[in-house]
Amino acid sequence: MLGKGISLVRDLSLAALFIWAWPTLAIAQELTGIEVEPSHADAGQPIKITLSFDARDQNTYSCGLQVTLGDGTTKEIRLSEKDNPLVVTHVFKNTGVFSVTAEGKTLWRGFQTSFACGGSAKSAPVSVHAEGAAVKAIA
């Protein structure tokens, strides 16, 4: 008898979670674009990453996003409907060509959990040069 009671509690808990999460799953923001400025920069120079979204409803709930910067740095961001476009800045300390990628990711934060933003992953390259070399590379 105790096993049936535990099973019922588990089933009710899952049903409550589904009802709570349904609005988020149904109308979360969809990642539509990524832009990196400047695309050629000096090491130590701030880079502006602009992420755009299609909010399917003005009352859209939050969603989770992971931005991987290609240099070993990853940022997890909980988006709200007010974060469109979202601007993230980053400073690359080393030279090289890096791929900046943004994709939806579920962020488990208890009652602040955000399910993954919709849309496919978006990427953009950034070329980081030794100080002063970025201007020469563009010219």
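Is E76 buried, partly exposed or exposed, and what is its relative accessible area? I began my notebook with this residue, keeping in mind that the model is predicted. I found that E76 is partly exposed, with a relative accessible area of 39%.

Next I looked up the partners of E76. I noted a salt bridge between the side chains of E76 and R109, with 3.1 Å from N to O. Since E76 belongs to strand β5 and R109 to the loop between β7 and β8, I wrote that the pair ties together parts that are 33 residues apart in sequence. R109 is itself partly exposed, and I recorded a relative accessible area of 44% for this residue.

I then turned to K105, which forms a salt bridge with E76 in which the closest N and O atoms are 2.6 Å apart. K105 lies in the loop between β7 and β8 while E76 lies in strand β5 (residues 74-79), so this pair ties together parts that are 29 residues apart in sequence.

Last, I looked up S114, which has its place in the loop between β7 (96-104) and β8 (122-129). S114 counts as buried because its relative accessibility is 0%, and buried means under 20%. Setting aside neighbours within four places in sequence, I listed the contacts of S114 as S62, C63, G64, R78, K105, T106 and L107.

Definitions and conventions: Residues are numbered from 1 along each chain as its sequence is written. This is a predicted model: local features need pLDDT of at least 70, side-chain atom pairs count only at pLDDT 80 or more; totals for chains, interfaces and linings use all residues. Side-chain values use heavy atoms; hydrogens and water are left out. Helices (H or I, at least four residues) and strands (E, at least two) are DSSP runs, numbered from the N terminus. Buried means under 20% relative accessible area, exposed over 50%, partly exposed in between (1.4 Å probe, protein chains only). Contact means heavy atoms within 4.5 Å. A salt bridge is a side-chain nitrogen of Lys or Arg within 4 Å of a carboxyl oxygen of Asp or Glu.
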